[in-house]
Amino acid sequence: MVRAVFLGLLIALLTACSSVSTRFVTGLTAEQRAAAAALPVYDTLPAGLRYQPVGEVEGLSCQTRSKEAFRASEAGAMEELRRAAVRDGGNALTGVSCTSLNRGQQGSNCFRAFQCRGLAISVGSGSVPSSD
């Protein structure tokens with residue numbers, strides 16, 4: 001019985017860790033990371049902007065322990081969100097919202113976390129209007 005409980009806890013722990021790690025964007029080229037850093041974020045889409053929705057994306061900044069040197073931040077979650085948009089083929093974002101998560105919220109195994117979500121879009125040919 002003790003062995004079954006231990007095995008169940010181990011599986012639950014591994015599952016929780018894996019659900020967090022899949023939210024981090026890896027494998028981007030230097031060019032893609034540069035594009036992500038410069039990705040415009042629109043609060044409202046400019047009139048006449050031609051675009052196609054690419055899909056919903058998510059970014060997470062996760063601090064796993066209270067005494068960890070890395071501190072979760074909204075800026076870190078936005079960086080991950082931009083990378084996710086580029087990974088999925090977007091060249092801009094809209095409808096972005098960010099929230100602070102407590103341990104265990106929405107499957108998070110983080111001590112402290114910020115999560116940002118938005119819609120990745122592909123803006124049509126020509127210059128992308130300023131996001132100011």
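**Ground rules.** I number residues from 1 along each chain as its sequence is written, and side-chain values use heavy atoms, with hydrogens and water left out. In this predicted model, local features need pLDDT of at least 70 and side-chain atom pairs count only at pLDDT 80 or more, while totals for chains, interfaces and linings use all residues.

**Sheet.** I took helices (H or I, at least four residues) and strands (E, at least two) as DSSP runs, numbered from the N terminus. I called two strands paired if DSSP finds at least two bridges between them. I found 4 strands in an open sheet of order 1-3-4-2, with mixed pairing. Strand 1 and strand 2 (51-63) are at the edges with a single partner strand each, so one side of each has no neighbour in the sheet.

I looked up the pairings next. Strand 1 (residues 41-42) runs parallel to strand 3 (residues 92-102) over 2 bridges, and Tyr42 has Thr94 as its bridge partner. Strand 3 and strand 4 (residues 112-123) are antiparallel over 9 bridges. Among the partners there, Ser100 goes with Phe114 and Leu93 with Ala120.

Helix 3 packs on this sheet and touches strands 1, 2, 3 and 4, its direction making about 145° with that of strand 2. For contact I used heavy atoms within 4.5 Å; axes are lines fitted to C-alpha atoms, for helices over the stretch in contact, and angles run from 0 to 180 degrees between N-to-C directions.

**Core.** I defined a nonpolar core as buried Ala, Val, Leu, Ile, Met, Phe, Trp, Tyr and Cys residues joined through side-chain atoms within 4.5 Å. Buried is under 20% relative accessible area, exposed over 50%, partly exposed in between (1.4 Å probe, protein chains only). The largest core has 15 residues, of which Val57, Leu81, Ala85 and Leu93 touch the most other members. Helix 3 (74-87) and strand 4 each give two or more residues, and helix 3 gives the largest share, 6 residues. Beyond its neighbours within four places in sequence, Ala85 contacts Leu39, Val57, Gly90, Leu93 and Ala120.

**Disulfides.** With cysteine sulfur atoms within 2.5 Å as the rule, I count 2 disulfides. Cys62 and Cys110 have their sulfurs 2.0 Å apart. Cys62 is in strand 2 and Cys110 in the loop between strand 3 and strand 4, 48 residues apart. Both are buried. Their link is left-handed, at -115° about the S-S bond.

Cys98 is joined to Cys116, and this link is right-handed at 110°. Cys98 is partly exposed at 26%, whereas Cys116 is buried at 0%.
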